Amino acid sequence: MTVDVVVIGMGYVGLPLAQEATRAGVKVVGLDISAGVVDGLNRGVSHIDDLSEADIAEMLEGGFTATTDESVLADADAAVICVPTPLSEDGGPDLRAV
């Protein structure tokens with residue numbers, strides 16, 4: 001399955017990004033390490049406050065799907081990394097997830 005873009009990380013940045021790309025007609029797969037998040041999204045359940053279940057349903061109708069299988073990256077034209085970057089103890093971004 002060829003996809004236009006894989007959005008890595010289905011959190012407060014990645015999920016809205018995937019929503020907007022799907023709305024624009026882009027074939028999007030969301031990749032996340034959490035099976036619970038992925039299963040919920042594929043069932044139409046939002047885990048963030050910024051998107052409702054109706055938003056997720058619209059994404060699914062637009063062809064969006066979520067997965068934990070990183071092999072999807074091999075068939076993607078592009079990948080966008082959206083991982084947590086909380087502030088570290090010294091006040092700068094904690095980039096360990098990157």
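Modeller: First, the term for secondary structure: helices (H or I, at least four residues) and strands (E, at least two) are DSSP runs, numbered from the N terminus. This is a predicted model, with local features needing pLDDT of at least 70, side-chain atom pairs counting only at pLDDT 80 or more, and totals for chains, interfaces and linings using all residues. Residues are numbered from 1 along each chain as its sequence is written, and side-chain values use heavy atoms, leaving out hydrogens and water.

Biologist: Which strand does Thr67 lie in?
Modeller: Thr67 lies in strand β3, residues 65-67.

Biologist: Is Thr67 buried or exposed, and why?
Modeller: Thr67 counts as buried because its relative accessibility is 18%. Buried means under 20% relative accessible area, exposed over 50%, partly exposed in between (1.4 Å probe, protein chains only).

Biologist: What is Thr67 in contact with?
Modeller: Contact means heavy atoms within 4.5 Å. Leaving aside neighbours within four places in sequence, Thr67 touches Val29, Gly30, Leu31, Asp32, Val38 and Val72.

Biologist: Switching to the largest nonpolar core. How many residues are in it?
Modeller: The largest nonpolar core has 17 residues. Such a core is a set of buried Ala, Val, Leu, Ile, Met, Phe, Trp, Tyr and Cys residues joined through side-chain atoms within 4.5 Å. Met10, Leu15, Ala18, Val28, Leu41, Met59 and Phe64 touch the most other members.

Biologist: Which elements supply at least two residues each?
Modeller: β1 (3-8), α1 (14-23), α2 (35-42) and α3 (53-61) do. Apart from this core lies another, of 7 residues, among them Val3, Val29, Val72 and Ala76.

Biologist: What does Phe64 contact?
Modeller: Beyond four places in sequence, Phe64 meets Met10, Ala18, Thr22, Val28, Val29, Gly30, Leu41 and Met59.

Biologist: And α1, why is it largely enclosed?
Modeller: Because 7 of the 10 residues of α1 are buried, the helix is largely enclosed by the rest of the structure. The buried ones are Gly14, Leu15, Pro16, Ala18, Gln19, Ala21 and Thr22.

Biologist: What covers the buried residues of α1?
Modeller: The cover includes β1, β2 (28-31), α2 and α3. After α1 comes Gly25, with a positive phi near 90°.

Biologist: Last one. What does UniProt place at residues 5-98?
Modeller: The unreviewed UniProt entry gives "domain: UDP-glucose/GDP-mannose dehydrogenase N-terminal" there. UniProt positions are in the numbering used here, feature names are shortened, and annotations may be inferred rather than shown by experiment. Over residues 5-98 the chain is 29% helix and 18% strand, with the end C-alpha atoms 18 Å apart.
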